[in-house]
Amino acid sequence: ADDYFVSGVQKYEKGDNRGALADWNQAIALDPKSANAYYNRGNLKYQKLNDVQGALSDLTKAIEVNPNFAGGYYNRGDLFYSTGNRSAAIADFRKVAEIARSGYPGLIAQGIVQTQQGAYLQAIDLFNQAAKISPESGDSYKYRGEAYKQQGNRAAAISDWRKAAQSYQKDNAMKD
């Protein structure tokens with residue numbers, strides 16, 4: 001099972017999506033408790049094969065096999081979000097925040113969803129928590145700035161975007 005899993009990763013990295021899928025199918029057949037194989041196969045189905053239902057099934061299975069799989073919750077939350085199921089996305093992102101060591105990715109993801117739903121105060125609170133965890137990361141400032149902008153607080157938005165730009169410049173990530 002491990003050999004098929006690794007082979008699937010190698011094929012995926014070379015752009016051989018069908019080969020990767022076949023290898024991960026085999027890895028799962030040999031080890032039905034391989035959360036990583038379900039996770040990778042689910043991501044492949046969603047990102048490359050446009051199989052939303054298959055991806056949802058695989059990511060859910062990865063979480064069932066390993067209930068503390070933060071990556072599984074995060075990617076399933078992203079899938080839920082992109083398909084319009086905001087409440088399921090928020091629930092998964094909250095789970096990421098509970099499980100992940102820092103909780104940072106889950107807080108950012110929840111804040112983005114809250115901003116898009118118009119819950120600006122909740123979003124700002126989530127971005128504040130993320131900024132406390134990782135004060136050098138520009139993402140919490142970038143997204144908090146967006147929440148401030150949507151709230152009508154232009155000065156706070158500009159201040160946060162400046163902080164984000166400084167952070168991205170330090171990290172040589174100016175496209176962000």
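Which helix does glutamine 114 lie in? Keep that in mind while you look around.

Start with the whole chain. This is a predicted model, where local features need pLDDT of at least 70, side-chain atom pairs count only at pLDDT 80 or more, and totals for chains, interfaces and linings use all residues. Residues are numbered from 1 along each chain as its sequence is written, and side-chain values use heavy atoms, with hydrogens and water left out.

Colour by secondary structure and you'll find 10 helices and 0 strands (DSSP runs numbered from the N terminus: H or I of at least four residues for helices, E of at least two for strands). Of the 176 residues, 44% count as buried (under 20% relative accessible area, with a 1.4 Å probe and protein chains only).

Next, select residues 86-99, helix α6, and residues 104-116, helix α7. Their axes (lines fitted to C-alpha atoms over the stretch in contact, with angles from 0 to 180 degrees between N-to-C directions) come within 7 Å and cross at roughly 155°. That makes α6 roughly antiparallel to α7 (the label for angles over 145 degrees).

Now show side chains where the two helices touch. On the α6 side, look for Ile90, Phe93 and Arg94, among others; on the α7 side, the residues they meet include Leu107, Val113 and Gln114. Contact here means heavy atoms within 4.5 Å.

Finally, click on glutamine 114, which lies in helix α7. Glutamine 114 counts as buried because its relative accessibility is 9%. Leaving out residues up to four places away in sequence, glutamine 114 touches Ile90, Arg94, Ala119, Gln122, Ala123 and Leu126.

Terms used. Parallel < 35°, antiparallel > 145°, perpendicular 65-115°, else oblique. Buried < 20%, exposed > 50% of the residue type's maximum accessible area, 1.4 Å probe, protein only.
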